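Open the model in your viewer and keep the selection panel handy. We will walk along the protein–DNA surface one stop at a time.

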2 protein chains.
Amino acid sequence: MLLRIEFESDIPIYMQIKNQIIEGIALGMLKEGDELPSIRQLASDFGINLHTVKKAYDILKDEGFLSVHRRKGYVVTKNASADDNFIEELKKDLQPILANAFSRGMTEDEILKICREILEQFKNGM
Amino acid sequence: MLLRIEFESDIPIYMQIKNQIIEGIALGMLKEGDELPSIRQLASDFGINLHTVKKAYDILKDEGFLSVHRRKGYVVTKNASADDNFIEELKKDLQPILANAFSRGMTEDEILKICREILEQFKNGM
DNA sequence: TATGTGTTATATTATAAATATAACACATAT
DNA sequence: ATATGTGTTATATTTATAATATAACACATA
């Protein structure tokens, strides 16, 4: 599992880590039972603080993507489900992004094509 | 054009304003030439600061959704295009959101259905 | 000339993100 | 037993971003 952090990005570091781990799971690069690097290890690799990594991991734990074992550390656990609550959040997240694309003149088909391409990656486990 | 601000939201106020104006354009509620409330007016309506509103408006101006006239104030101008640069950003924005949905077990069809529903709103100008 | 637009500048406060350090709890390899 | 490597908790500090507060200015036009 390769992580890269863009320090110049406007996306907070803990969010980049969180997002990339979810993407790793979606792509099949991270499977149930896989152990993640320890918070100290990852922090050290990137020259960032232990708490920044822990924040990302803890959010993923709360959401059901990770669980934690005393000795093994954080482990992939796919307990996150797409309940009604999540669907609502999903719509709220997508709404402004799709509105932006549509307002710039993209057609429904053009926009859906991009969504399909991204989802295709996940299905094929690239 | 009705705006609502959620002060408890984790989304910054200027971002909520920005997003809702883009959604207004996507929904056809805001059309080319429409004048927005003045920054002082909108700030006063919501009990927020003039600069918070200006920040939102200025971003929209930079992106080509608004232009500004000395007397009329900020006006809807659809100069925002979906160039290669935007498409790249769009993919980057969609990637983590779709990964999240997919990792929770949603199928491609289920996810695309939600995208279609949102886009349908825009096409029908709800 | 008064009024209502946006603009610019400066300072301050509030909140979130990230860091720095230290000490602790727990499992297990040695 | 003890050392080591996990995560955990606590506290304080620094940095960056968001939001506010005030004031003065430029411009168009009624």
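Before selecting anything, a word on elements: helices (H or I, at least four residues) and strands (E, at least two) are DSSP runs, numbered from the N terminus. This is a predicted model, where local features need pLDDT of at least 70, side-chain atom pairs count only at pLDDT 80 or more, and totals for chains, interfaces and linings use all residues. Residues are numbered from 1 along each chain as its sequence is written, chains are lettered from A and ligands numbered from 1 in the order in which they are written, and side-chain values use heavy atoms, with hydrogens and water left out.

**Stop 1: DNA strand C**

Now look at the DNA side: 57% of the atoms of DNA strand C within 4 Å of the protein belong to sugar or phosphate, and the rest to bases.

Next, show polar contacts (pairs of N or O atoms within 3.5 Å; within protein, one must be able to donate a hydrogen and the other to accept it, and residues adjacent in sequence count only if both atoms are side-chain atoms).

- Select A:Thr52: an N or O atom of its side chain is 2.7 Å from a phosphate oxygen of DNA strand C.
- Move to B:Arg71, where a side-chain N or O atom sits 3.1 Å from a base nitrogen of DNA strand C.
- Then pick A:Arg71, with a polar side-chain atom 3.5 Å from a base nitrogen of DNA strand C.

**Stop 2: DNA strand D**

Switch to DNA strand D. Sugar and phosphate make up 58% of the atoms of DNA strand D that come within 4 Å of the protein. Here H3(A) gives the most to the surface, with 4 residues.

- B:Ile13 has a polar backbone atom 2.5 Å from a phosphate oxygen of DNA strand D.
- B:Tyr14 places a side-chain N or O atom 3.0 Å from a phosphate oxygen of DNA strand D.
- B:His51 has a side-chain N or O atom 3.5 Å from a base oxygen of DNA strand D.

Conventions:
Near = heavy atom within 4 Å.
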